[in-house]
Amino acid sequence: MQLRAILGTILLCLSFSSFGSLFPPSTEWYQVESDKFVVVFPKGLEAEANRVLNMVEHYTPKLEKSLTPVFKTKKKFPIVISSMSHESNGFVTPFPLSSVFYNKPSIFPGAEWFEILAIHEMKHVVQFRAMRNSPTGNVLYILLGNTGQIVHEFLFHPAWFIEGDAVLEETLLSNGGRGRSAAFELWRRTHELTSPRYSYYRSFLGTGQDAYPYSSHYELGYFMATYLRKNYGDDVMTTLVNDTANFHRGFTFNSSVKNATEGDNQPSVYQKTMDELRAIWTNQYDSTEFTSVDKIPTREKQYWRSYYPIGEYKNKTIALLVDVKDEGQWLVAIDENGSEQKIRRMSFGVASGYFSTSKTKVLSLSNNQVCWPESKANPRFGYQSWADLICLDLNTNQTSTLIKDTKLTSISVSPDGSKIAGAEFDENRHSALLIFDNTGDEISRITLPSLTSAYDLTWDADGKNIYFAVLTPEGTGIQSYNISSQQTNTVLPLDNLGTPRSPLWIDNHLFYISDYSGVDNLWVIDLESGQNFQVGRRPFGSYFPVVDNNQNIIMTDYQQYGQDIVKVINPLSEEQKIEWLEMESVSNDKTYYFAPLLEARNNDPELKPGPPKVETDYPVSKYNRTANLIHPHSWNYFYLGNEFGGSIVSNNLLQTLSAQAGFSHNTEFDETSGFFNVSYSRFTPIINAGAFSQFVESDWLTDEETQWRDQVGFLSMSLPFFWGEGPNRNAMLLAFGFQYLERQDISGPYQFDENLLPVDGELGSAFASVTYSDITQNALNSLARGTGFSLQLYTQTSVDDWSNLEKDFSSATLAFQGKGFGLGEVYKVLMYGDTQSGSDSFYLQPNFYQARGYANDVVRDNGFILNTEYQIPLSVIDQNVLRAIYFRSTNLVAAYDYEYAEFNNYSDDRSSVGLGVDVPTNLLSNYFVVFNFRAMAHYLIDTDETSVQLSVNASL
């Protein structure tokens, strides 16, 4: 029992440091700082760090106007710029409280990436600090530090409130933001106008079987936060935070909403928000005369399933299929009758460019070749990542890597396949247009203006001009580059009136997608006259136009359950041109749900949108790693009967040093226990070390209580690696080390039984483990989101020089998960075996796996266990009970287990079959806290008995 606890501590330490630092160890770090913030950045980004510091200084006071933290702090808030990342992201972490800004821009309309992050992430900082405004939040912070504030957020503040208000702020305070994008509201607008409205809880928490790929608390929260602030003033956010978790206000967030709105709870606010939006969207819908298209036949859809055309090959439409329930992401070929042929499974990263808000083109088809940039990370340091240029030959179905380790964000293959154009955004935030030959050799490089993000590249028919959309601090537009003259020209001026996407050249006309009219639709520019027309007017949104061999446009058209493929016949014919609308006759009719709030800000100098007009030049200094190694952020205290104690946790900003320490005191025996462990992960391998002294009182293996003290020290090293190609992800963790245990007798009312627990025993042992997994990404809402296997091997052996005891222990775990035989089904198989030898009086408890259904563990020296189950999705529940538990759906579970055990000269086996149901559930209606309730009836084959077991598994 005690050694099992020791091993558990070691494994916890290994798990705690498995990832370790995600930055390469050779990175040179610098900083700029003001009175309130410090920005830490890699060498070369001095100007960008200054911009970030100026923006957070500029925006934070504006953000505090609608949510004021009562408790002020003199600590400078740290921001880390992750310049080597090839993903678009940004986040705030409480461990320690800091923010990370990823370098690569995401295509949000109308604002530069770091400006969006400065607003959005600093709003989260303001929210986090304001958690202490309520007495409960303050008490939790005093007791638990930053962990207490996370507990407070999880228990009392719904994710839509946290993220929605941040999205609203990015929209109000910049000239861009997601609230200005029709693509951001696409799923909800379509569902509201085509289907019965979901309940508040289903809309917020989802069921996995909905009419959109996933429930977005960003989008729902933006609308609900905007409704609250429009109707009850900006101060309503401060009121909600201050009142939540106060008993005199009803304690819950829902009660705070009712108090602030004088009677409306969260579901009521949701319904009223949707009523307002439905009125806006219905008016848009009813006032638009839609154009017709020809639908290309595809499989009927009963849940969200979308097709995105890439081009045409051998009279078949090549498209990206995104199926969120069963099949996942595939490149497919569709013939004129709608029959599909799967070509290649694609990664979620490639697919997300098509169905996320950014709606950016990733795949390019020319002749028989499909190419795309595929992100990959440094196997050891995950914040360093690149893109490989991958090409697929449709004739042979073979892929090749044309260019490795690039910073390409978008590519396009020329019509004859001889050249490839690519947009680059590098670690120093420099943007360029690159041209390669078809072997991957760079032909030319065209530097683009600072802070420009180019995306959605395309060629004209003869390969003389490249057209591309751009996002700049001044807005979005379309530009061209002429290869002969080496000149860049503006085709569509920069502004914030629409977000242009997917330019497509046909016969000296440039077609593109824009949401200028309030819905993303097809537009065209006559390149000779410069005139701009709206070509198509579809109800919900059209995206990703490509041209087929007959000069027709194929594109996606959003419907109730996702994107369908449609065809615009001969778009330049006189018959089609009759329906074109000049841009001057089309009103800029975006939803702009935030408009009333923006009007008030335009008249208030303290809240007026836009970045700082004058920037301070902050001095640059070297970041001192040594001085910033220790950063305590969480702690706890406890008192349980005759025992009290506490612990503290520290992580430094760059996540290279993690440490934990704690103690407990037993007042009955006047004995104190303590522990300490530390992990240093800047380099490879990661080094873990720790020690603890533990007082134990137990009746384990004896009929009477005994007391002893275990003193343990360990030193280990671990090597984590993560890699993969396309939808496949591989991980390996190697660990090895040494442990020393000294067990000391403590005189008490009873003595040790010498035959069972040796007094003053010493055990020195070496241990090693290897964990390997090979997982393929599956459908987003499938029970088997990943399919593949994992293997874990562990061994521990005593070292004679340290031990007067001997013990050898080995175990192996092999787990499989795969898709079932129907829609959304999954099978799971787990095999576990262990063996131990040595001193019989020093028994090591093996892993907890056992044949399910049996109440007792089996004592064993050697054993084997097989757990199998088959899960089938059944139905949606969509039921909330007292706002405390939201039941999402049900899954049928069938199981078979087998267990074999040997102990000394005894051996036995047992088996069971089971049938039951899983109920995925959100606790406290929290988006992130998902529990799986399981009820299983097991038939015990060996005893001819039946048992019922209830279990709960939690995940964050």
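Colleague: What is the handedness of the link of Cys371 and Cys391, and what is the angle about its S-S bond?

Modeller: Happy to! Bear in mind that this is a predicted model. The link of Cys371 and Cys391 is right-handed, with 105° about the S-S bond. The two sulfur atoms lie 2.2 Å apart, and the pair counts as a disulfide because that falls within the 2.5 Å limit. The count for the model comes to 1 disulfide. As for where the partners sit, Cys371 belongs to strand E12, which covers residues 369-377, while Cys391 belongs to strand E13, residues 385-393. The pair is 20 residues apart and links distant parts of the chain.

Both ends can also be judged by their accessibility. Cys371 has a relative accessible area of 0%, so this residue is buried. Cys391 comes out at 2% relative accessibility and therefore counts as buried, since the cut-off for that word is under 20%.

While you have the model open, there is a helix pair to look at too. Helix H4 (residues 135-144) packs with helix H5 (residues 146-156) at an angle of about 145°, their axes 6 Å apart. The crossing of H4 past H5 is right-handed. On the H4 side, the contact residues include Leu140, Tyr141 and Leu144, and among those they meet in H5 are Val151, His152 and Phe156. The residues of this contact of H4 with H5 split into 5 nonpolar and 7 polar, with no charged ones.

How values were computed. Residues are numbered from 1 along each chain as its sequence is written. This is a predicted model: local features need pLDDT of at least 70, side-chain atom pairs count only at pLDDT 80 or more; totals for chains, interfaces and linings use all residues. Side-chain values use heavy atoms; hydrogens and water are left out. Axes are lines fitted to C-alpha atoms, for helices over the stretch in contact, and angles run from 0 to 180 degrees between N-to-C directions. Helices (H or I, at least four residues) and strands (E, at least two) are DSSP runs, numbered from the N terminus. A crossing is left-handed if the near helix is turned anticlockwise from the far one by less than a right angle, and right-handed if clockwise. Contact means heavy atoms within 4.5 Å. Ala, Val, Leu, Ile, Met, Phe, Trp, Tyr, Cys and Pro count as nonpolar, Asp, Glu, Lys and Arg as charged, and the others, Gly among them, as polar. Buried means under 20% relative accessible area, exposed over 50%, partly exposed in between (1.4 Å probe, protein chains only).
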